[in-house]
Amino acid sequence: MFTHLSSAELLRSLFAFLCAIAVALAATPLVKKLAFRLGAIDVPKDARRMHKKPIPLWGGIAIYLGFIVSVLVFVKPDLELTGILIGASLIVILGAVDDRYALDAKVKFLVQIVAAVIPIACGLRIEVLSNFFGDDGSRIALSFLSIPLTLIWIVGVCNAVNLIDGLDGLACGVSTIAALSTFLVVVQHDDAVTAVVIAALAGACIGFLPYNFNPAKIFMGDSGALFLGFILATVSISGNFKMHTLINFGLPFVVLGLPIFDTVFAILRRVIHGKKPWEADRGHIHHKLIDMGMSQKQAVAVLYLISAVLGSSAVLLTNSNWIKILIMVGVLVISAAFAIKLYLLREAAAKKEQKEQPEK
């Protein structure tokens with residue numbers, strides 16, 4: 001059977017989804033006006049930015065409102081979920097302040113750690129890792145590594161989602177696909193609370209997307225990107241979701257494969273070129289697609305497709321033990337080939353530009 005949840009539990013998830021859509025949809029125009037009034041505006045000032053005119057930020061506040069209202073209406077939070085909601089609220093405040101005042105990277109990182117520690121202190125831990133390549137259900141206990149690994153995971157995913165937020169609708173759409181994929185996994189493992197939470201997240205994203213598609217009327221900013229990363233990271237290691245032998249830790253990596261992949265390559269690229277890992281550049285996957293001649297809409301569509309393939313793979317991995325290795329290897333090979341192709345095309349374009357410059 002596809003779902004272990006009752007009809008009433010599925011209906012509650014649907015209502016949470018629709019509630020989040022309605023609240024985010026209604027809140028976004030109000031947040032847009034507030035951003036203009038208080039000066040939370042993204043002014044294009046370098047080559048990394050794709051927009052040509054000032055765009056208001058703080059769309060993440062609308063996503064947060066859609067999510068938090070829906071969750072509080074349809075779920076009675078336990079200690080673990082309470083910790084997640086408090087940490088998420090702190091992350092939204094951090095992002096909103098950064099959107100307005102451009103905080104120092106070290107300050108942002110410190111607050112992210114504090115936000116991640118809150119749910120960890122409330123019991124959210126990655127305590128075991130599944131033996132992904134084994135069929136005997138064996139697990140590896142993490143012992144003293146549990147807390148630092150959980151902390152790295154939460155902070156890492158927060159920043160991964162933030163780093164792909166470079167095109168209209170990209171980070172929000174990818175997060176929506178990740179949330180829907182996670183929902184399909186969760187409903188197969190009898191976790192009604194997590195199903196409602198992740199349905200609310202997907203609904204809040206969908207409610208905001210009409211304002212964020214190209215040409216965007218508002219950006220979600222760090223308040224949205226960090227929040228989405230925080231919820232996706234924490235939900236993926238909470239409740240019954242973390243108890244399934246296939247899930248720790250392979251499925252979250254597959255579901256969030258695109259932002260994680262882009263972040264790892266961004267760090268390696270910056271270190272190789274003698275830059276700081278957090279120093280912004282114009283070398284992300286979406287930048288490379290634009291440099292190849294794609295429009296914003298085309299680039300976003302390609303990355304949506306990749307996210308959908310990864311999300312579908314994650315859902316399949318929960319049901320098909322005997323093909324899990326083939327799927328994982330296939331996804332990795334395709335991803336690696338895609339990355340190498342983009343890199344080679346970018347390098348060829350750069351060399352061509354260098355040759356043409358002396359001639360000019």
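Outside the four places on either side of it in sequence, alanine 62 is in contact with Ala24, Ala27, Thr28 and Val31. Alanine 62 is part of helix H2, and in this predicted model its relative accessible area is 0%, so the residue is buried. Alanine 62 also lies 8.8 Å from glycine 207, C-alpha to C-alpha, although 145 residues separate the two in sequence.

The partners of alanine 62 belong to a contact between two helices. Ala24, Ala27, Thr28 and Val31 are among the residues that helix H1 contributes to its contact with H2. Helix H1 covers residues 7–38, and its axis comes within 7 Å of that of H2, with a crossing of roughly 145°. The crossing of H1 past H2 is right-handed.

Over the whole structure, 2 aromatic pairs were found. In one of them, the ring centres of tyrosine 64 and phenylalanine 227 are 5.6 Å apart and the ring planes stand at 85°; because an angle over 60 degrees counts as edge-to-face, the pair is placed in that class. Tyrosine 64 belongs to helix H2 (residues 59–74) and phenylalanine 227 to helix H8 (residues 221–235), so this pair ties together parts of the chain 163 residues apart in sequence. Tyrosine 64 has a relative accessible area of 16%, and because buried means under 20%, tyrosine 64 counts as buried. Phenylalanine 227 is buried as well, with a value of 0%.

Phenylalanine 227 also pairs with phenylalanine 67. Their ring centres are 5.4 Å apart and their planes meet at 70°, so this pair too is edge-to-face. Phenylalanine 67 lies in H2 and phenylalanine 227 in H8, so the pair joins parts that are 160 residues apart in sequence. Both of these phenylalanines are buried. Tyr64, Phe67 and Phe227 together form one aromatic cluster.

Helix H8 packs in turn against helix H3, which spans residues 79–101. The two axes are 7 Å apart and the packing angle is about 160°. Angles over 145 degrees count as roughly antiparallel, so H3 and H8 fall into that class. H3 passes H8 in a right-handed crossing. From H3, the residues in contact are Ile84, Gly87, Ala88, Ile91, Val92, Leu94, Gly95, Ala96, Asp98 and Asp99. From H8, they are Gly221, Asp222, Ser223, Leu226, Phe227, Phe230, Ile231 and Thr234.

The charged end of arginine 100 sits over the ring of tyrosine 101, at 4.8 Å from the ring centre. Threonine 194 lies in helix H7, which covers residues 192–212. Its relative accessibility is 6%, so threonine 194 is counted as buried. Apart from neighbours within four places in sequence, threonine 194 is in contact with Val186, Val235, Ser238 and Gly239.

For the protein chain as a whole, 13 helices and 4 strands were assigned. The chain has 360 residues, of which 51% count as buried. Among contacts with a separation of 6 or more, 75% are between residues 24 or more positions apart.

Notes
Residues numbered from 1 in each chain as written. Predicted model: local features only at pLDDT ≥ 70, side-chain atom pairs only at ≥ 80, totals over all residues. Heavy atoms only, no water. Phe/Tyr/Trp six-rings, centres within 6.5 Å; stacked < 30°, edge-to-face > 60°. Buried < 20%, exposed > 50% of the residue type's maximum accessible area, 1.4 Å probe, protein only. Lys NZ or Arg CZ within 6 Å of the ring centre and 35° of its normal. Axes fitted to C-alpha atoms, helices over the stretch in contact; angles between N-to-C directions. Parallel < 35°, antiparallel > 145°, perpendicular 65-115°, else oblique. Left-handed = near helix turned anticlockwise from the far one by under 90°. Contact = heavy atoms within 4.5 Å.
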